[in-house]
Amino acid sequence: MTFATGARHGLSYIAETVFGATPETPSMTRLRHTACSLGLEKTTLQSEEIRDDRQIAHLLHGQKSVTGDIDVELSYGAFDALLAGLMQSDWDDDVLKAGVTQPSFTFERAFRDIGSYQVFTGCIVSRLRLTVRPDRLIGGRFSILGRSMSLESSALDATPAAGAAHDPMTGFKGAITEGGDSLGIVVGLDLEIDNGLEAAFTLGEVAATDILAGQSRITGEISSYFEDASLLEKFVDETESSLTLTLEGAGGELALALPRLVYTGGSLPALGTGPVTLSLPFTALYDESAGSNLVLTRTPDA
């Protein structure tokens, strides 16, 4: 007897031209990942009928949707399509800003050791959580909200194209600037980009008719050694600032610029006798000159 293993798990995707509809004869692209939890969820409708034997007589399936996360190791060029989906925009001369055009994708999970496939349609990139730490690969988690799933016995595309195969980026290469000045005392940066998606259901349909976007909300937290009170002072005085994270790796450079942000906290716990770190959560705001709350710029190697 053969069981499915993660060692034979595959994940591929294609952009949809019509929400919820996989293109005919799709040419899929492999998606590099470290974990995947995409799956079908359903609500349940339980009868309130009263019976003298105390039993539940009816339990029906209700609305269905696709939810789950795709964990990745960030590398240059490998996730450009998902980043564009996250920002609801398109790359323009290697620059990506927040927009209002919401693309959808079809994802396929392949359990090749048992010949089983799951096809997820009408999938929207809901959120990205990015984690940057010293001496680690740059980790990301894309959260997905989708319309429906089907079980298949064969792949949509037997030979999906390979994505960009550059080495993952690390915390060793790159830089952080805060308020325009280089910041060399950072020990951690967390960033979350959330589209506030909500599935819209109508009578006569168990799957969502549409998936609606809310506000583009970007939050995060920067942790640094407590060298002086200059960063903490910005929180105390409610002084707006900016933050740019530049990541370098094989294939090129990716810069994530938050042109306008406000710190929403300032924590200085002393935990033992080691270095004291300052944790500053923040919220990014729309910047008129940049035309976005976040600007991504990719620069390929010469």
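Predicted model: local features only at pLDDT ≥ 70, side-chain atom pairs only at ≥ 80, totals over all residues.
The protein contains 2 helices and 20 strands, and 41% of its 302 residues are buried.

**Overall form and surface**

- Taken along the principal axes, the box filled by the C-alpha atoms of the protein is roughly 70 × 55 × 45 Å.

**Cysteines**

- The structure holds 0 disulfides, a disulfide being a covalent bond between the sulfur atoms of two cysteines.
- For C123, the closest cysteine sulfur is that of C36, and because the two sulfurs are 9.9 Å apart, they are too far from each other for a bond.

**The nonpolar core**

- The largest nonpolar core has 57 residues, and the members that touch the most other members are I70, F107, F142, L256 and L258.
- Strand β8, which covers residues 116-132, gives the most to this core, contributing 6 residues.
- In soluble globular proteins, nonpolar side chains tend to be buried together.
- When neighbours within four places in sequence are left aside, L256 is in contact with L130, L191, L243, T244, L245, L247, L294, V295 and L296.

**Helix α1 and the residue after it**

- Helix α1, made up of residues 80-87, is mostly covered, since 7 of its 8 residues are buried.
- The buried residues of helix α1 are D80, L82, L83, A84, G85, L86 and M87.
- Just after helix α1 comes Q88, which takes a positive phi of about 50 degrees.

- S224 is found in strand β16, which covers residues 217-225, and S224 is buried, with a relative accessible area of 2%.
- Not counting residues up to four places away in sequence, S224 touches I185, V186 and V187, together with L231, V276, T277 and L278.
- P300 is found in strand β20, which covers residues 295-300, and P300 is partly exposed, with a relative accessible area of 46%.
- Residues up to four places away in sequence again being left out, P300 touches Y76, D94, G251 and G252.
- P300 and D287 are 13 residues apart in sequence, and their C-alpha atoms are 26 Å apart in space.

Note on methods:
Residues numbered from 1 in each chain as written. Heavy atoms only, no water. Helix = DSSP H or I, 4+ residues; strand = E, 2+ residues; numbered from the N terminus. Buried < 20%, exposed > 50% of the residue type's maximum accessible area, 1.4 Å probe, protein only. Disulfide = S-S within 2.5 Å. Core = buried A, V, L, I, M, F, W, Y, C linked by side-chain atoms within 4.5 Å. Contact = heavy atoms within 4.5 Å.
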